[in-house]
Amino acid sequence: MKLAFIIDPIEKLDPTHDTSVALMEAAQEMGHEVWITQAGLLSVIEGKACALLDRVYLNPVQLVDGRWVKPHSWYEIKPGSFQPLEEMDAVFMRTDPPVTIPYLYATYILDAIDPAKTLTVNAPQGIRAANEKMYALQFQSVIPETIVSESKVVIRNFVSKKGSAVLKPLGGKAGEGILFLRPDDANLNSLIEISTKQGKEPVMVQTYLPEARQGDKRIILLDGEAIGAINRVPSGGEFRGNMAVGGQVVKTEITDRDREICEIVAPKLRSDGLYFVGLDVIGGYLTEVNVTSPTGVREIDRFAEDETRLGELTIRWVEEKVKSLQG
């Protein structure tokens, strides 16, 4: 197959951490062509989505003493050409959030790919529909008590009622801008004002889950099925478990409660074309649904007890999906 990956500049990726690289390595090792481009290099010409695509060759990372080690030169690029994305068998949209206006425009360009010819992971309309904070509100039975508001009064009342809460910007990523709120904090009003841009932008506020001290679990779903998980535990005085802010990764298991959450969420994910997804679960509650460029594969594979890699499982699924699409 020919697989295209829409990623951030490859020189900025960390091959020992980035899931995009793990997927590309798996595709290459399984005999497929790997092409890369960036969201800013997409166009629509004569009604077809096109891109400047470069061929990339990867020198895979190696697992040494439980750590991924990259070679000195881990990729080589062969300059490519401007071509229709429909010439690819599958296109992975893996640009990191935040989902800005240009990001949304890129998904509209991807709408011009004929779905009968090329698989897009994740579907552009699904990405637009799934704000990674708001999407979880559809699953009230498995999320912590949550409000979304730009009103200082509403937010203060919620924090006072709950005793403590966590505020999340709706467009944030990697733990950026997440705040721990207490009703007796002298800075509470200021924190709300800054986060809501003086009451002009809504934020999400959830009751604080003390289990967060034991970790924030990332579960990777492939076509609605849980294929692996990792626990991210806060370090030092930090209350956030995100790897980007220093959270430590710890081996974990997928519990019965986790599977219950996955079963509730899966039908909606499938109907929205959200095939490769990361669920965040704290204390048995769903807190976020990550659909843009979910990560965690490298960390899960580090602790795998067998030789199975999640990248390989994903590309095997793509092979079967493409076969069914193309008859």
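## A residue and its contacts

Leaving aside neighbours within four places in sequence, Thr120 is in contact (heavy atoms within 4.5 Å) with Val91, Ile113 and Tyr275. Thr120 is buried, with a relative accessible area of 11%; buried means under 20% relative accessible area, using a 1.4 Å probe and protein chains only. Thr120 belongs to strand β9, residues 119-121. Strands (E, at least two residues) and helices (H or I, at least four) are DSSP runs, numbered from the N terminus.

This is a predicted model: local features need pLDDT of at least 70, side-chain atom pairs count only at pLDDT 80 or more, and totals for chains, interfaces and linings use all residues. Residues are numbered from 1 along each chain as its sequence is written, and side-chain values use heavy atoms, leaving out hydrogens and water.

## An open sheet

Now look for the order β16-β15-β14-β17-β18: these five strands form an open sheet with antiparallel pairing. Two strands pair if DSSP finds at least two bridges between them. At the edges stand β16 (248-250) and β18 (285-290), each with a single partner strand, so one side of each has no neighbour in the sheet.

Strand β17 (residues 276-282) is joined to β18 by five bridges, and the two run antiparallel. In this pair, Ile282 stands opposite Tyr285 of β18.

## A helix with a buried face

Which residues of helix α5 (residues 188-195) are buried? They are Leu188, Ile192 and Ser195. Seen down the axis of α5, the buried residues fall within an arc of 70 degrees, so they line one face of the helix; the arc is that of the directions from the helix axis to the C-beta atoms. Their cover includes α4 (152-162), β11 (165-169), β12 (179-181) and β13 (203-207).

Note on methods
Buried means under 20% relative accessible area, exposed over 50%, partly exposed in between (1.4 Å probe, protein chains only).
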